[in-house]
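Subject: Structure handover

Hello,

Here is the structure for you to take over. My notes on it follow below.

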Amino acid sequence: MSKILIKVDEGKRGELKSFHRMDALAQVLQKYCEITFYCDAKHSRGISYLRTKGYNVYEYADLLGELERFKGDCIIIDSPLQAKEFNKKCPKIFKKIICVDEQNDNPFMECDMIINPVYGSKQRNYFASNNCEVIGDKDALLIRDEFLHSPMVPIEDVKNILMFVDHVRTEDLLIDVTELNYNIKVILANGMEKTKKMQNRIKSKRVEFFTEDDFDSVVWTCDMALMSYNNYMYDLIGIGMPTIGVVVRRTDIVWGQNLWQDMLIEGLGIVGMVSAAQMTKQVQIFAQNRVQRQIVQNKMQDLVSRDSKEALVDAIMAVCDYSKNT
């Protein structure tokens, strides 16, 4: 069987982002190729996640010294890290190089394909040769199968709101949202903690806290979500979860503007620049507007019906000169 190595690394914001989206890709790719994940041994949470999904994971301690065992294979790289020596050595080791690049800053000059998995991504300013294939936008969405092929959440009266807290600004917003008459199920991102200060500020008894590891199970108990712009938002699109996107950084405006424009999410102003009263009012309006939430879900359903992962895998197989029949 044809072989593909997938190298993933943790990032500072959304440390498991690369692991989740490469899992989403591998769920289809493994039907046609032998997949091995290549991970820094210190990324224990990501490695544990991949192994619970049944993948073969190779842990390395010496990034360069252990590449020879994969000579002649193809590699997919999803990493926020810049490793110049690794980049130089890859063309000498691998048959084909495929890079995941959401910031248009891919360092590889000799890669054979670039995948930009951000909705609305533009094919511009890629540091690659003219014969490098670029796939992005709707053709490169990576939603995990457990979300992509599940029934859409029912559009009913909102009782439970999922909120993902991964920034001090979303923490401040949480305090205001807990004053609304809903059950709030809070996912604390890795690195965030339920502080005594937070507990003292929350007066409602209808708030439950969970860890990021609980996301995949808690999400099914909710009717809508309040999220900053992170990779979990795509999973929510997969199940048609009506979602309000929260801008915590100005860069999030660019990340989310295409989702807003295409009505795949409801937009919220920049936390800290829009008053708490305005924000909580917008959350309440969206929660009470069943028609609008249904419209958003219909847009989500249209998007995920494209089955972009299968088409993306076809393109990867073609670049690698692999056949689906082997």
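Is Cys99 buried or exposed? Cys99 has a relative accessible area of 2%, so it is buried. Please keep in mind that this is a predicted model.

Cysteines

A search for disulfides across the whole structure returns zero. Cys99 is in none, and the nearest cysteine sulfur to it, that of Cys111, is 4.4 Å away. Cys320 is likewise in no disulfide; here the nearest cysteine sulfur belongs to Cys74, at 3.1 Å. A disulfide would need the two sulfur atoms to be within 2.5 Å. Cys320 counts as buried because its relative accessibility is 0%.

Seven strands form an open sheet in the order 3-2-1-4-5-6-7, and their pairing is parallel. Which strands stand at the edges? They are strand 3 (56-60) and strand 7; each has a single partner strand, so one side of each is left without a neighbour in the sheet. Direction ignored, neighbouring strands of this sheet are turned against each other by 20 degrees on average.

Helix 2 (residues 44-52) packs on this sheet, where it touches strand 1, strand 2 (34-40) and strand 3. The direction of helix 2 makes about 160 degrees with that of strand 3. Helix 3 lies across strand 1, strand 4 and strand 5, and runs at about 160 degrees to strand 4.

Strand 6 and its neighbours

Strand 6 covers residues 113-116. On one side, strand 5 (residues 96-100) runs parallel to strand 6 and is joined to it by three bridges. Val100 stands opposite Ile115 of strand 6. Strand 6 also pairs with strand 7 (residues 133-136), again in the parallel sense, over four bridges. Asn116 has Gly136 in strand 7 as its bridge partner.

In a regular strand, side chains alternate between the two faces of the sheet. In strand 6, Met113 and Ile115 point one way, while Ile114 and Asn116 point the other way. All four residues are buried.

Helix 3

In helix 3 (residues 84-93), the buried residues are Phe86, Asn87, Cys90 and Ile93. Seen down the helix axis, the buried residues of helix 3 fall within an arc of 125 degrees, so they line one face of the helix. These buried residues pack against strand 1 (3-8), strand 4 (74-78) and strand 5. Which exposed residues does the face of helix 3 turned away from its buried side carry? That face carries Lys84, Lys88 and Lys92.

Gln297 sits in helix 11 (residues 290-304). With a relative accessibility of 6%, Gln297 counts as buried. Its side chain reaches the backbone oxygen of Val153 at 2.7 Å. Leaving aside residues up to four places away in sequence, Gln297 touches Met152, Val153, Ile155, Ile239 and Gly240.

Glu212 is placed in the loop between strand 10 (207-211) and helix 7 (215-218). Glu212 counts as buried, at 7% relative accessibility. What does the side chain of Glu212 make a polar contact with? The partner is the side chain of Tyr232, at 2.7 Å. Not counting residues up to four places away in sequence, Glu212 touches Phe164, Ile187, Leu188, Ala189, Asn190 and Tyr232. Glu212 and Val186 are 26 residues apart in sequence, and their C-alpha atoms are 9.4 Å apart in space.

Backbone angles

Most residues other than glycine have a negative phi. Met263 has a positive phi, near 60 degrees, and is a residue other than glycine. Met263 lies in the loop between helix 9 (251-261) and strand 13 (266-270). Met263 counts as partly exposed because its relative accessibility is 32%.

The phi of Asp321 is also positive, near 60 degrees. Asp321 belongs to the segment after helix 12 (308-319). At 62% relative accessibility, Asp321 counts as exposed.

Regards

Conventions:
Residues are numbered from 1 along each chain as its sequence is written. This is a predicted model: local features need pLDDT of at least 70, side-chain atom pairs count only at pLDDT 80 or more; totals for chains, interfaces and linings use all residues. Side-chain values use heavy atoms; hydrogens and water are left out. Helices (H or I, at least four residues) and strands (E, at least two) are DSSP runs, numbered from the N terminus. Buried means under 20% relative accessible area, exposed over 50%, partly exposed in between (1.4 Å probe, protein chains only). A polar contact is a pair of N or O atoms within 3.5 Å; within protein, one must be able to donate a hydrogen and the other to accept it, and residues adjacent in sequence count only if both atoms are side-chain atoms. Contact means heavy atoms within 4.5 Å. Two strands pair if DSSP finds at least two bridges between them. The arc is that of the directions from the helix axis to the C-beta atoms. Axes are lines fitted to C-alpha atoms, for helices over the stretch in contact, and angles run from 0 to 180 degrees between N-to-C directions.
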